[in-house]
Structure formats: structure tokens, C-alpha cells
2 protein chains.
Amino acid sequence: MTDTLIRNRPCELSAVDAAKAIAAGQLTSEGLVKSCLERIEERDADVQAWAWLDTAHALEQARAADAGPVSGPLHGVPVALKDIIDAYGMPTGFNSTIYPGYIPDADSACAALIRKSGGIILGKTVTTEFANRHPGPTRNPLDPERTPGGSSQGSAAAVADFQVPLSIGTQTSGSIIRPAAYCGVVGYKPSFGEVSRVGVKEQSGSLDTLGLIGRSTGDVELLRAVVTGIPYEPVAPSGFGITVALCRPPEWNKATAEARADIEETAELFRAEGAEVVELDLPTELFGEWLNDHRRIANFEASRNFAHEKTHHADKISKALWEGRIVDGARCPIEDYIASQRKAERMRAWMDERFEGFDTILTLSTAGEATVGLADTGSATFNSLWTLLYTPCISLPSGKGPAGLPLAVQLVGRRFEDEKLFAIASSLEHALKG
Amino acid sequence: MTDTLIRNRPCELSAVDAAKAIAAGQLTSEGLVKSCLERIEERDADVQAWAWLDTAHALEQARAADAGPVSGPLHGVPVALKDIIDAYGMPTGFNSTIYPGYIPDADSACAALIRKSGGIILGKTVTTEFANRHPGPTRNPLDPERTPGGSSQGSAAAVADFQVPLSIGTQTSGSIIRPAAYCGVVGYKPSFGEVSRVGVKEQSGSLDTLGLIGRSTGDVELLRAVVTGIPYEPVAPSGFGITVALCRPPEWNKATAEARADIEETAELFRAEGAEVVELDLPTELFGEWLNDHRRIANFEASRNFAHEKTHHADKISKALWEGRIVDGARCPIEDYIASQRKAERMRAWMDERFEGFDTILTLSTAGEATVGLADTGSATFNSLWTLLYTPCISLPSGKGPAGLPLAVQLVGRRFEDEKLFAIASSLEHALKG
């Protein structure tokens with residue numbers, strides 16, 4: 001199977017297999033990148049995942065990789081960056097008209113770490129405006145009438161459509177997990193603080209988290225090692241001698257019946273494989289206002305972080321961003337911001353302690369399948385809590401909805417126990433396929 | 001007194017008085033900026049506080065302020081930015097040769113907030129290389145043989161020397177409090193998270209904090225309101241019906257006898273004014289390794305944050321930065337980084353709880369007077385703990401050392417209680433002058 005892909009459709013190879021094939025001399029980076037570019041050429045009019053792509057520049061990087069020695073675990077493998085993440089010599093556009101012709105002088109930290117590991121920066125994928133809600137043109141590759149989700153919309157769509165094996169996005173509310181779920185790929189939001197945000201446009205310093213998207217947990221794990229700057233040592237699957245906490249947050253009834261049924265089936269699968277499944281309730285006195293706490297923190301910070309755009313380019317900011325985060329955040333008294341920050345810290349401490357009693361949390365990735373239309377990138381209701389809690393999250397495709405589009409479940413780990421989460425996700429991924 | 005300064009030496013006015021005089025039509029921004037520029041002209045060869053200054057551009061901003069209506073509490077008042085903080089149209093140099101000719105496309109958030117409040121960005125003040133240890137040419141304005149401290153060296157020296165009333169710097173270890181103390185001015189490190197770091201070169205995302213420098217607590221408080229994006233409402237002094245916790249950290253014996261005597265005198269002053277003074281001991285089991293915890297967090301993050309410079313410009317990085325943070329951080333296993341992050345969180349929770357028992361902590365700002373020579377910007381031993389703890393800190397000049405240079409004390413507040421800290425600092429400042 002892998003050999004056939006190497007010969008005929010390298011763009012469909014996993015990143016792990018592609019890196020192995022390149023290191024073994026069975027495939028060139030140029031061959032892989034060409035295959036990705038052909039796929040893009042074939043599909044771009046429908047999917048529109050790319051904000052910037054220079055075919056010649058991509059091939060030049062690939063040929064340089066082929067000419068040199070294997071420099072790291074990602075040698076010769078292309079990665080896409082959400083268009084709020086800088087890469088030297090490539091324009092960053094932010095899906096805004098405020099920065100025409102902006103070409104960064106420096107790589108973001110993740111771009112430099114990718115290059116250092118031998119990876120290719122294939123191009124820049126479409127973002128919603130400044131990673132907020134105003135959408136770009138990207139369509140869900142599985143159904144062009146539907147949103148791919150947001151804000152990391154091009155990053156998810158390009159990976160799902162075999163245009164690139166790996167991509168990087170960001171999550172302030174649900175911007176990694178939701179598009180990954182909607183497009184049927186694997187999304188990973190690391191523990192807050194583990195991956196450098198240097199060279200990434202900031203929305204909320206307390207919440208913004210770089211996230212990784214791939215077509216398997218193994219591929220995402222490889223990219224995690226690279227951008228975290230740690231040795232690449234794939235974890236062994238955990239197996240099912242574990243305790244899983246099924247968490248139905250208060251917004252449970254906003255999910256579709258099919259999504260709720262899908263997660264119950266996943267819980268059943270865990271049980272059938274031997275895991276213990278317990279219930280996790282979030283106490284109302286601490287978590288009852290979490291959506292509001294998340295909103296206050298995100299908006300207070302965003303209204304200051306966008307001070308340049310607000311002061312010098314107010315007319316070029318979308319209504320969605322202006323009337324959403326910016327006005328609301330400017331009106332938020334600092335006392336309210338502080339109260340929510342303090343509450344978030346208590347929530348994090350509570351959750352950290354509760355993790356003594358189980359190995360992972362099983363919850364929804366989204367309310368259901370990707371919604372129809374491109375104007376609304378979907379709801380972050382099932383994601384923002386975990387962003388606020390700083391916990392690592394992995395979204396895995398777990399079934400199909402009534403329209404035949406992917407449903408997904410979200411596994412949540414204890415903060416800073418990302419490797420354990422990958423071990424569990426890898427076992428669940430295998431079981432879901434079986 | 002104020003009237004005389006308005007007429008003869010506006011550069012010596014406090015920011016609060018200057019803003020009032022401008023709003024009242026007694027002084028023009030152009031007059032104030034000209035006076036600052038004359039002072040710089042007179043002193044720059046000795047002090048060398050500026051990395052970039054364009055006289056014509058500064059005067060142009062001042063004339064624009066004079067031509068328009070009063071737009072905010074800082075209207076017409078010049079502020080200096082440490083040369084790792086972006087301002088639109090002004091080069092940022094980072095005291096490095098890696099970014100020649102880099103002129104940012106956007107204001108940092110603080111620069112935009114200053115402009116929105118009517119303030120003038122006078123120019124860029126000297127930083128150590130990337131706010132680390134490799135020094136710039138700045139001399140202590142009170143003794144040219146001595147360091148002004150670092151890393152915000154130009155920011156502190158320019159304010160102390162009446163070249164500008166206010167400046168902004170950053171602190172990852174002790175880079176605001178130490179230079180402010182060495183130069184005899186007021187330094188303020190806000191609660192972590194309150195001031196946006198957008199457009200500021202990052203060293204450690206978990207520690208970097210914007211800090212403000214002025215010649216009085218009142219001036220710093222004005223700038224705090226502006227860069228925090230909150231209404232400017234000066235706090236009333238607390239008076240002395242308060243409990244002060246004198247904290248002698250484990251490194252106490254590294255301070256000079258004079259510095260230790262000075263802080264005991266300040267404690268005595270608090271008592272004489274009516275405050276209760278208690279002792280605060282830091283338990284060894286939690287705080288015994290804090291220097292190491294700070295180092296691991298700062299270095300692990302810096303070695304990733306400088307991935308661009310490390311990957312593409314290794315030959316242009318100083319030995320101090322390379323052999324200090326970068327190599328050490330690259331070698332730090334992620335498990336050790338996580339252990340220190342978890343410990344830091346426990347320290348913060350412990351400290352937050354302890355603040356139930358007192359109103360402020362009184363501790364040292366530095367080990368003593370500014371040290372002789374420019375190669376070493378001094379030790380952050382008495383600062384890094386409070387950076388790690390996310391608490392607001394204010395350094396106040398409190399006496400003179402054996403060489404006649406300033407000694408300073410540091411007041412520390414509970415995280416997110418910055419206004420209370422200003423109220424106490426204002427009372428102490430008054431008592432110290434009395």
C-alpha cells in the first residue's frame with residue numbers, strides 16, 4: 001500500500017511514511033512536493049485552502065532538501081502554515097487588507113524549527129480575519145457547500161484534501177479542534193505554553209495556542225516533537241487499561257442527536273475494549289459562567305492586542321471582529337477581566353486535581369457535522385472550555401452524520417501530559433478504524 | 001516650582017504636570033519635546049541612552065499634537081520605548097546585527113495605545129541584546145563609570161537624566177526593577193498578563209512582562225492607565241494603616257551591608273508612620289530551588305523563541321546569549337521544564353494565599369548600588385522571584401550607598417492588585433521624601 005502511494009500518489013502518504021521513504025532514498029522531497037502541488041492544482045478552485053503559494057519556491061526548498069543530508073525527522077516533508085504565522089520571505093496576510101505587501105523579516109519560531117528539522121514550508125493557508133470569525137473563501141473539501149470550520153480553515157481543508165500532510169494553526173476558542181473535526185482529520189491543541197508563539201499574530205495572550213493538524217495521530221505527534229523542540233520518540237499506544245471520564249458539558253443539548261449518539265458509541269467502544277468509563281460533571285458554581293469568563297479574557301485582551309489596527313485602520317476591520325471582540329473587550333472593566341482570570345485559575349486547579357481519578361476525558365469536538373454555508377464557521381461551544389483550561393486536546397474522526405460528513409470526538413488530557421494523551425488517542429484511533 | 005519648570009526646563013516636569021500644563025495651554029508639546037531634545041543633545045555623548053532618535057520626526061509628532069484637540073491623558077507627552085518594542089516607521093534594532101534596516105509595519109500595542117492617548121513616541125532606547133545580558137553602550141547618568149543596569153538600560157537612564165519623562169521596558173528576570181533602582185527612578189512591573197506584549201520581541205512567554213519607568217509613582221500610574229487601556233483615575237495614597245511583610249529571601253547575604261541597612265531603615269520608617277511590620281519567610285521546600293525553576297522556564301522557552309536567530313543567524317548571536325539561555329535551554333528536558341512550571345504555579349498559589357495576611361511585601365530591589373563597569377549589567381537575584389510569581393512590583397529610590405549612588409526598595413503587591421500597590425507606594429514615596 002505504502003509502496004503504491006510512493007510510486008503513484010505520494011501526496012496521500014502519511015508524514016511519517018513520507019519522511020521514512022525520503023530518508024531511505026525511496027522518494028525525493030521534490031517528488032512529494034510535486035505530488036502535493038498537482039493535487040492543489042487539481043482541487044484549488046473547489047477548496048481554496050491557500051492564501052499564498054509559490055510553486056517555484058516550494059520546489060526550490062524540496063530540491064535543496066534532496067541535495068543535502070537528512071537534517072531531522074521531518075526531512076523533505078511539506079507543512080502548511082496558517083496565514084497569521086510568519087515565514088521568512090512569504091507574505092503574511094491575516095485575511096485582512098491592513099497589511100498589503102507585508103513580508104516578514106524572520107521566521108516564526110515554529111517555521112524555523114520546521115526548517116531546522118528538514119521540513120518544507122509549502123505555503124500559507126487561509127485563516128479567518130486575524131483568526132477571529134470573519135471567514136475566508138475556503139470550502140469544506142468533503143462538501144463545497146459547507147464550511148471547513150474556522151479559524152484555521154485552510155490548514156484543516158488542505159490536510160483533509162491530501163494537498164499537504166501536515167499543517168499548523170492556532171486556537172483561541174475552538175479554531176483547531178472544530179475545523180479538524182469538520183474536515184475529518186486529526187486536530188491537536190497542545191498544553192498551553194509548550195509551543196512557542198513567536199511570529200504568530202496574537203489575539204489573546206492568555207488563550208492563543210498553536211495547534212497541529214494531520215491525517216493521523218502519529219503524523220501529528222511527529223510535528224509536535226519538531227515544533228516543541230524535543231526529540232522525536234513516538235509513544236507506544238496506551239491500550240485500554242485506562243479510565244475514561246465522559247464529560248457532557250452544560251451545553252450538551254446544543255449538540256445534534258447524532259453527535260450525542262456518536263459519543264455514546266465511542267464510550268461503548270472504550271468499554272468494549274476494556275476501559276472503565278466514568279462520568280465527569282462540572283460543578284455549576286465554578287463552571288456555570290465559563291463561556292462568559294472565556295469571552296471576557298479573550299475580548300479584554302484582543303481589544304488591546306489589536307490596538308494598532310484599531311487606532312490606525314479601524315475602517316478596515318470587519319464588523320464581526322469590531323462588534324465582537326473589540327468593542328466588547330474595550331467595554332469590559334479590568335475588574336471583570338481580573339475576576340475571570342482568577343476564576344479560570346481555580347477551574348484549572350480543580351481540573352488538574354480531578355485528573356487524579358481518570359486518564360482522559362472524552363467529550364464532543366463540535367455540535368455536529370460541518371454546517372451549510374461559508375459565512376459562519378460554526379460554534380466553539382464545545383472547545384473554548386478546554387482552551388481556557390490549558391489542557392491538551394485531540395480531535396479524532398469517529399463517525400458520520402446524517403449528511404455523510406464526519407463526526408468527531410475530543411480526548412482531553414491533563415495539562416502537560418500530552419504524551420499520555422497521544423498514547424490513548426493512538427489506541428482509540430486504532431479501535432475506531434477496526 | 002512647576003511654573004518655573006514650565007518656563008525654563010520643561011524636560012524636568014513630571015509627566016502628570018506636563019500633561020496638565022499642555023491641556024491647560026500653558027505649555028506646548030513642541031516646547032516640551034524641544035526641551036527633552038536639548039537635554040539629550042547636551043548629555044547624549046555621556047549617557048548614550050538612545051538606539052534611535054529622529055529629532056525632526058519627534059517635533060513633527062509634537063506639532064501634530066499641538067494642532068489637534070486633547071485626545072487623552074498623555075496628550076503631548078513624550079515616551080521612550082526600549083528597542084525591542086516596535087513603533088510604526090521607527091527601526092527596531094534589538095541591539096543585534098541580525099535585523100539591519102528592520103522597520104516595523106505596525107505599532108506595538110503599547111505604542112498604539114500611547115498614540116491614542118495623545119502621547120509622542122520620542123524614540124527607541126538602548127536594550128541589551130534581545131533584552132538578555134550582552135550590554136549596549138549606555139552609562140549610568142549618575143556615574144558614567146557604572147552600569148545603568150539592564151536590560152532596559154536606555155529606558156531607565158533616559159528617564160533618570162531628564163531626557164524623557166516616561167519610558168517602557170520589559171522584565172524577564174530583573175530588567176525593569178534593577179535599572180530603575182540603579183538609576184534612582186521609579187520602576188514598575190505590572191501583574192503578569194495585564195499589559196499587551198504585541199509587537200514586543202519575546203524571550204520567555206511565561207515570564208516576559210512589560211514594565212514602566214518614570215520619576216514618580218504618579219507618573220508611572222498615568223502611563224499604566226494608558227498602556228493597560230483603562231480609565232485614568234489616580235489612586236489615593238493608602239496611608240499607613242497597613243501591614244507590611246518584610247521579606248529577606250535566601251539570597252539576602254548577597255546584598256551589601258548598606259542595602260540591608262537601608263531596607264531595615266525603610267521598615268523602621270513604615271513602623272514610625274504607623275504601619276505594622278511582620279516578617280515573611282519563604283519555605284525552603286517550595287522556594288529552595290526558585291532560581292533554578294526560573295532559569296529552566298526562561299531558557300527552555302528562549303531557546304525555542306530564538307529559533308529563527310539560532311537557525312539562520314547563529315554567528316551573530318553573542319556568547320552571553322548563546323552560552324547562557326540558548327544552549328542551556330536546548331539541553332533542558334521538557335520534563336524538567338514542566339516540573340518547574342508546575343512548581344511555579346504552586347509558588348504563585350502559595351503567595352496569593354499568604355497575601356491574606358498583609359498588604360504589601362517590602363524587599364530589596366537590587367544587591368546594592370550600580371556596579372562599576374558596563375560589561376555586566378548586574379544581578380537579577382532580587383528580582384527574578386517576583387517575575388516568576390507574576391506579582392506587581394514597584395521599585396522606589398530609598399537612600400544612597402557608599403559611592404553616593406541610589407539604593408532602592410521594592411514593594412510587591414498581590415497579583416492583580418496593582419492599584420492597591422500604587423496607593424501604598426505613593427504613601428511610602430511621600431514618607432521617604434519627608
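# Local features of a predicted two-chain model

Leaving aside its neighbours within four places in sequence, A:Asp107 is in contact (heavy atoms within 4.5 Å) with A:Asp86, A:Ala87, A:Tyr88, A:Ala112, A:Arg115, B:His308 and B:His312. This is a predicted model, in which local features need pLDDT of at least 70 and side-chain atom pairs count only at pLDDT 80 or more, while totals for chains, interfaces and linings use all residues. Residues are numbered from 1 along each chain as its sequence is written, chains are lettered from A and ligands numbered from 1 in the order in which they are written, and side-chain values use heavy atoms, with hydrogens and water left out.

## Two buried residues in loops

A:Asp107 itself is placed in the loop between β2 (78–82) and α5 (109–116) of chain A, where helices (H or I, at least four residues) and strands (E, at least two) are DSSP runs, numbered from the N terminus. With a relative accessible area of 3%, A:Asp107 is buried; buried means under 20% relative accessible area, exposed over 50%, and partly exposed in between, with a 1.4 Å probe and protein chains only. A polar atom of the side chain of A:Asp107 lies 2.7 Å from the backbone nitrogen of A:Tyr88. For a polar contact, a pair of N or O atoms must be within 3.5 Å; within protein, one must be able to donate a hydrogen and the other to accept it, and residues adjacent in sequence count only if both atoms are side-chain atoms.

In chain B, B:His75 belongs to the loop between α4 (55–67) and β2 (78–82), and with a relative accessible area of 7% B:His75 is buried. The side chain of B:His75 reaches the backbone nitrogen of B:Ser71 at 3.0 Å. Apart from neighbours within four places in sequence, the residues in contact with B:His75 include B:Ile22, B:Ala65, B:Pro69 and B:Gly118. Between the C-alpha atoms of B:His75 and B:Gln26, which are 49 residues apart along the chain, the separation is 13 Å.

## Cysteines

How many disulfides does a search of the whole structure find over all chains? The search finds zero, where a disulfide is a pair of cysteine sulfur atoms within 2.5 Å. For A:Cys11, the closest cysteine sulfur is in A:Cys36, at 5.7 Å, which is too far for a bond. A:Cys11 is buried at 2% relative accessibility, and A:Cys332 is buried too, with a relative accessible area of 11%.

## Aromatic rings and charges

A pair of aromatic rings is described by the distance of the centres and the angle of the planes. Rings of Phe, Tyr and Trp (its six-membered ring) pair if their centres lie within 6.5 Å; planes under 30 degrees apart count as stacked, over 60 as edge-to-face and the rest as tilted. By this rule there are 24 aromatic pairs over all chains. The pair of B:Tyr99 and B:Tyr102 is tilted, because the ring centres are 6.2 Å apart and the planes lie at 55°. Both of these residues are buried, B:Tyr99 at 8% relative accessibility and B:Tyr102 with a relative accessible area of 17%. In chain A, ring pairs link A:Phe94, A:Tyr99, A:Tyr102, A:Phe130 and A:Phe306 into a cluster.

A charge sits over a ring if NZ of Lys or CZ of Arg is within 6 Å of the ring centre and within 35 degrees of the ring normal. The table gives two such cases.

| Charged residue | Ring | Distance from ring centre |
|---|---|---|
| A:Arg304 | A:Phe300 | 3.6 Å |
| B:Arg348 | B:Tyr390 | 3.6 Å |

Helix α11 of chain A covers residues 290–305, and its end C-alpha atoms are 22 Å apart, which agrees with the 22 Å that its 16 residues should span at 1.5 Å a residue; the expected span is 1.5 Å times one less than the number of residues. Of the 16 residues of α11(A), 13 are buried, so that the helix is mostly covered.

## Backbone details

B:Tyr390 has a positive phi near 65° although B:Tyr390 is a residue other than glycine. B:Tyr390 is found in the loop between α15 (384–388) and β10 (393–400) of chain B, and counts as buried at 9% relative accessibility. A:Ala131, not a glycine either, has a positive phi of about 60°; A:Ala131 is found in the loop between β3 and α6 of chain A.

A cis peptide bond joins A:Gly150 and A:Ser151, with omega about 0°, and another joins B:Gly150 and B:Ser151, with omega about 5°.
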